Amino acid sequence: MTAMSEGRQLVESAPDYSDPPVKGGVTIHQGALVVMESGLAVPGKTATNLTAVGFALKTVKNTGADGSVTVPCKRGTFRLFNQGGDAVTAGDIGKDCFVVDDQTVAKTNGTNTRSVAGKVIAIDAAGVFVRVGY
């Protein structure tokens with residue numbers, strides 16, 4: 001490749017949406033935190049080496065083989081529940097928080113048992129606003 005010598009038409013994808021393939025035998029519910037595990041979408045869970053990609057826009061049940069269906073996901077900042085015993089606090093705003101399940105995050109990685117969910121943006125009485133998928 002060489003540097004541009006003239007203008008070009010930009011090609012853009014929908015930056016806040018994706019449709020990752022779903023692991024076989026898995027149901028991902030609408031509103032669930034979606035993570036990638038070995039290249040396949042699964043509901044958020046306590047495990048290492050997962051990548052949070054967004055939130056499911058509809059419930060998807062894959063009764064077939066790995067990747068036979070996809071789940072529409074949206075990246076962004078959404079409220080998740082705060083893990084009571086390992087709660088995210090106001091001092092954690094701007095820091096990473098960690099996946100407990102498909103609707104809950106925690107302050108710590110649980111002694112290296114949890115994956116990063118995203119960045120803590122705000123906290124209120126109902127939960128933690130987490131920026132996911134960027």
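In what order do the strands of the open sheet of 5 strands run? The order is 1-7-5-3-4, with antiparallel pairing. The views below come from a predicted model, in which local features need pLDDT of at least 70, side-chain atom pairs count only at pLDDT 80 or more, and totals for chains, interfaces and linings use all residues. Residues are numbered from 1 along each chain as its sequence is written, and side-chain values use heavy atoms, with hydrogens and water left out.

**View 1. The whole protein chain has 12 strands and 0 helices.** Helices (H or I, at least four residues) and strands (E, at least two) are DSSP runs, numbered from the N terminus. The C-alpha atoms fill a box of roughly 55 × 40 × 25 Å along the principal axes. Of the 134 residues, 37% are buried (under 20% relative accessible area, with exposed over 50% and partly exposed in between; 1.4 Å probe, protein chains only). The chain exposes about 7600 Å², by the Shrake-Rupley method with a 1.4 Å probe. Carbon and sulfur atoms supply 52% of that area.

View 2. Two strands pair if DSSP finds at least two bridges between them. Strand 1 runs antiparallel to strand 7 (residues 73-74), joined by 2 bridges. Y17 has K74 in strand 7 as its bridge partner.

**View 3. A closed barrel of 5 strands runs 8-10-9-11-12.** Its pairing is mixed. The twist averages 55° from one strand to the next; axes are lines fitted to C-alpha atoms, and angles run from 0 to 180 degrees between N-to-C directions. Strand 11 (residues 116-124) and strand 12 (residues 127-132) run antiparallel, with 5 bridges between them. A122 stands opposite F129 in strand 12.

**View 4. T104 lies in strand 10 (residues 104-106).** T104 counts as buried because its relative accessibility is 8%. The T104 side chain makes a polar contact with the side chain of D101, at 2.8 Å. A polar contact is a pair of N or O atoms within 3.5 Å; within protein, one must be able to donate a hydrogen and the other to accept it, and residues adjacent in sequence count only if both atoms are side-chain atoms. Leaving aside neighbours within four places in sequence, T104 is in contact (heavy atoms within 4.5 Å) with F81, N82, Q83, F98 and V99.
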